[in-house]
Amino acid sequence: MGRTNEPPRLPEGSFAAWSRDRLAMARRGADECGDVWQLEPGVYVAATAGPCEAVLCRAQDFPKASSPLFPPMKRSSGAPTPEERVHAHAARMRGLRPQAVAARIGEIAPRAARFADQWPTDQDVEILPPVRHALAEIGVHYLFSEDAPTLLPFASQLFMAREVLVRPSRWVWPAWIPTPARRFRTRQQVAFINALRPIVRRRRSSGLLGDDVLGQMLRPSSRYGLLPEEAVLDTLPGITVATFETPSRAAGWILLHLARHPQAADRVAAEAALLPADPAATTSTHLDSLRYTQALVREVLRLYPPSWLLTRRAARQTQLAGYTIDAGSTVLVCPYTAHRDAREHFEPDRFLPERWLDDPGSPAKPGVFLSFGTGPHGCEGAALAMAMLTLLTAQTARRYQLSEPSGPEPGYQVTTLEGLATVGLRLRATSRS
């Protein structure tokens with residue numbers, strides 16, 4: 001299709017239809033309309049790797065909206081300053097960068113193994129709730145170490161608040177109206193902060209800051225000094241839920257693929273058999289040896305990115321893939337369609353973990369894998385999420401062969417609101433021994 005300044009149009013009302021589980025429409029739009037297309041007036045879709053990469057990396061043209069699910073609480077000193085936000089981000093990243101995650105693999109692996117050990121065998125089990133609980137234990141422990149048991153119940157309530165807040169509604173209320181969902185969110189956020197505050201004060205007063213993410217945030221920076229207590233407390237509810245909410249959606253797709261592709265699962269199991277008998281002895285070297293397992297995880301994330309649609313708003317008039325995007329327009333970045341672009345991936349709809357192994361045909365160009373985003377707003381916890389998912393996959397395949405319930409209909413429902421998930425997924429585990 002030739003380039004013009006006015007992108008092709010889809011039928012009116014298609015934006016509402018998209019949000020109701022219309023992945024097929026997204027794919028059809030990408031196939032028929034090209035790299036960028038107009039969904040409705042003022043709404044554009046970046047559907048292939050190049051434009052998706054451009055939007056996510058050009059933060060000045062397409063800034064990420066500042067609308068966190070858990071906004072900073074009101075305080076006497078006013079809203080967080082830009083310097084405090086930068087400082088908080090840098091402090092978090094000291095604990096989330098790949099080197100920091102690698103140093104703590106021995107803490108992650110035992111909890112992944114515990115999930116596998118506790119899976120009831122020879123019965124159909126709805127698996128997402130226990131997956132979410134296991135990943136919450138891993139994520140909260142990674143953030144707060146010995147204080148995790150105190151905070152885990154509050155983290156679970158934060159997750160419930162998030163689910164209530166993003167639930168579909170007939171009405172779109174202005175942000176200042178205290179709807180029941182927003183009041184529930186605020187109550188859970190306050191409860192979490194009230195539980196965390198004495199932990200922060202105890203650590204600072206004792207000087208025993210800890211080596212977890214919270215400890216890194218309590219350390220003074222040579223550039224910014226000491227991060228104020230309120231800035232520490234403001235940033236942690238959102239990152240706490242993020243450590244397990246999105247990875248849980250991904251884990252559902254991964255376990256489903258282990259059930260549907262037994263040969264791939266056998267290959268993962270063979271790799272996992274070489275892990276230490278004591279999961280606590282697992283190191284980053286062991287994790288690196290799980291090459292096929294990591295390739296399988298990456299391939300599932302390519303086919304079913306949990307965050308399949310990202311929203312950006314143009315700050316100024318700009319060009320994108322030959323089109324003029326006016327200031328104020330919304331641009332939807334669609335990793336789902338970008339990952340299924342035949343120009344970037346051989347047989348893009350086929351489950352083929354081998355494509356990610358280190359061979360001459362491995363697709364390594366920027367933009368062809370966007371499950372963790374990219375650019376200045378890429379996922380802070382990408383290294384942690386990959387470690388969690390890889391070890392959970394390896395430990396599960398090591399112990400069990402998975403299968404779906406018999407019958408003509410799948411044992412799950414695909415949802416697209418706020419993320420691509422297998423709601424109600426039921427699987428059966430049979431011991432390999």
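What you're looking at is a predicted model, where local features need pLDDT of at least 70, side-chain atom pairs count only at pLDDT 80 or more, and totals for chains, interfaces and linings use all residues. Residues are numbered from 1 along each chain as its sequence is written, and side-chain values use heavy atoms, with hydrogens and water left out. Helix and strand labels come from DSSP runs (helices are H or I with at least four residues, strands are E with at least two), numbered from the N terminus.

**Helix H11**

- H11 covers residues 229–242, which makes 14 residues.
- From first C-alpha to last, H11 reaches 21 Å, close to the 20 Å expected at 1.5 Å a residue; that expected span is 1.5 Å times one less than the number of residues.
- There's a bend of about 30 degrees at Leu236, and Pro237 follows within four residues. The bend is the angle between axes fitted to the seven residues ending at a position and the seven starting there.
- H11 is mostly covered, with eleven of its 14 residues buried. Buried means under 20% relative accessible area, exposed means over 50%, and partly exposed is in between (1.4 Å probe, protein chains only).
- Among the buried ones are Glu229, Asp234, Leu236 and Pro237.
- The cover over H11's buried residues includes helices H4 (82–96), H9 (180–206) and H12 (245–260).

- Asp147 sits in the loop between H7 and H8, and it counts as buried because its relative accessible area is 7%.
- The side chain of Asp147 makes a polar contact with the side chain of Arg203 at 2.9 Å. A polar contact is a pair of N or O atoms within 3.5 Å; within protein, one must be able to donate a hydrogen and the other to accept it, and residues adjacent in sequence count only if both atoms are side-chain atoms.
- Setting aside neighbours within four places in sequence, Asp147 is in contact (heavy atoms within 4.5 Å) with Ile199, Arg202 and Arg203.
- Thr293 belongs to helix H15 (residues 291–303) and is buried, with a relative accessible area of 0%.
- Thr293 has a side-chain polar contact too, with the side chain of Glu271 at 2.8 Å.
- Leu287 is part of helix H14 (residues 284–289) and is buried at 11% relative accessible area.
- Leu287 and Leu391 are 104 residues apart in sequence, yet their C-alphas are 7.5 Å apart in space.

**Cysteines**

- Searching the whole structure turns up zero disulfides, a disulfide being a pair of cysteine sulfur atoms within 2.5 Å.
- Take Cys52: the closest cysteine sulfur to its own is in Cys334, 6.8 Å away, so it's too far for a bond.
- Cys52 is buried, with 0% relative accessible area, and Cys334 is buried with 0% as well.

**Aromatic rings**

- The count comes to eight aromatic pairs. Rings of Phe, Tyr and Trp (its six-membered ring) pair if their centres lie within 6.5 Å; planes under 30 degrees apart count as stacked, over 60 as edge-to-face and the rest as tilted.
- Trp356 and Phe369 have ring centres 5.5 Å apart and planes at 70 degrees, so this pair is edge-to-face.
- Trp356 and Phe369 are 13 residues apart, in the loop between H16 (335–338) and H17 (382–399), and both are buried.
- Phe115, Trp119 and Tyr400 form one aromatic cluster.
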